[in-house]
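Please open the model in your viewer and keep a selection panel at hand. The tour goes from one selection to the next and says what is found at each stop.

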Amino acid sequence: MLVGFDHADDAGVYQISPDLALVQTVDFFTPIVDDPYTLGQIAATNSLSDVYAMGGRPLTSLALVCYPEKADLDILERILAGGLAKMMEAECTVVGGHSIRDDETKFGYSVTGVIHPLKILANTGAVAGDRLLLTKALGTGVISTAIKKGTAKESWIDSAVASMTTLNKAAAEVVTGAELRSAAQTATCGLTWAVHSMARGSNVSLRMYASRVPVLDGAFECIRDGNIPGGLKANREFAECVVGYEQAIREELKTLLFDPQTAGGLLISVGPEDASELLRSLNAAGVPAVEIGEVLSQTQPLISIS
């Protein structure tokens, strides 16, 4: 076992030969959008992201299905079709799966990938002076909550869906060719949790610049309207004790930093001498990455927002 659950990494890594290791992860959730095909796409994108965050290449997957006994099977077919489309885009073979009858629909995948044992992007390698890059904007959690309440504008939905159905494949292909220190996915527990895990795992502190954090269209409006998912509240209750804010930081941004990100982007720690070139390479590959902060020697607070 090269990577387990001791440092809250995105996936487990198990070495099977001197130059090959397996990357394994599983994720599923209840519907967050109305369209079943889109739901399948999001579920697949989300499950694949854990492998990409470790620097791995997805290889095979197993579908996990919970579905009401008397529900329309045409809807389930559309969910599966959406998931399969994204798995095909990722060149990841769906080798089977398992389904059970359930009163509430749930869908996702267990994904197995491969990686060289010496090229793992765990969250334990960041060092002081590194720059922090983020590949996707924040806000999918609060917008998804607004969708469920029927209060989200169409433009907000479009931007959130576009983010949640964009594979981290292109970003992973660029970063695995670079000299990186550490990486994590801004998934269920949000950006602050990813930052927290990296700081704890690497024994460093991290500073984020509020003005540089990318935000999806409509995210702040959703927060002001009270569209706060339960996961955001739980994330904030757990991790805000290690966060320090400058006085001018807006409350909406403080809240958004804990927003659970379905199929979130990659948080990347890279040496200052390589940061600009990596950022240019990501942007050239169509990845809207931005530099959002830096790594500091371990101090208090563990995470600072300026």
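Predicted model: local features only at pLDDT ≥ 70, side-chain atom pairs only at ≥ 80, totals over all residues.

Residues are numbered from 1 along each chain as its sequence is written, and side-chain values use heavy atoms, with hydrogens and water left out.

Stay with K136, which sits in the loop between β6 and α3 (140-149); helices (H or I, at least four residues) and strands (E, at least two) are DSSP runs numbered from the N terminus. Its side chain reaches the backbone oxygen of T166 at 2.7 Å, and a polar atom of that side chain lies 2.8 Å from the backbone oxygen of A263. If you display contacts (heavy atoms within 4.5 Å) and leave aside neighbours within four places in sequence, the partners of K136 include S163, N168, P214 and G265.

Next, select strand β6 (residues 131-134), which runs antiparallel to strand β10 (residues 266-270) and is joined to it by four bridges; two strands pair if DSSP finds at least two bridges between them. R131 stands opposite V270 in β10. Strand β11 (residues 290-297) also pairs with β6 in the antiparallel sense, over four bridges, and there L132 stands opposite G293.

Within β11, pick E291, which counts as partly exposed at 23% relative accessibility. The C-alpha atoms of E291 and L132 are separated by 5.7 Å, although the two are 159 residues apart along the chain. Beyond its neighbours within four places in sequence, E291 is in contact with R131, L132, L133, R212 and L279.

Now turn to the salt bridges, of which the structure holds 12. One of them joins K169 and E91, with the closest N and O atoms 3.0 Å apart; K169 is in helix α5 (residues 169-175) and E91 in the loop between α2 (73-89) and β4 (93-101), 78 residues apart. E91 is exposed, with a relative accessible area of 58%. Another is formed by E251 and R236, at 2.9 Å between the closest N and O atoms; because E251 lies in helix α9 (residues 251-256) and R236 in helix α8 (residues 230-239), this pair ties together parts that are 15 residues apart in sequence. Select also D102, E104 and K106, which are linked in a network of salt bridges.

Finally, colour the cysteines: where a disulfide is a pair of cysteine sulfur atoms within 2.5 Å, the count comes to zero. The sulfur of C66 is 20 Å from the closest cysteine sulfur, in C92, which is too far for a bond. C66 is buried at 12% relative accessibility, and C92 is buried at 4%.

Definitions and conventions:
Buried < 20%, exposed > 50% of the residue type's maximum accessible area, 1.4 Å probe, protein only. Polar contact = N/O pair within 3.5 Å; in protein donor to acceptor, adjacent residues only side chain to side chain. Salt bridge = Lys/Arg side-chain N within 4 Å of Asp/Glu carboxyl O.
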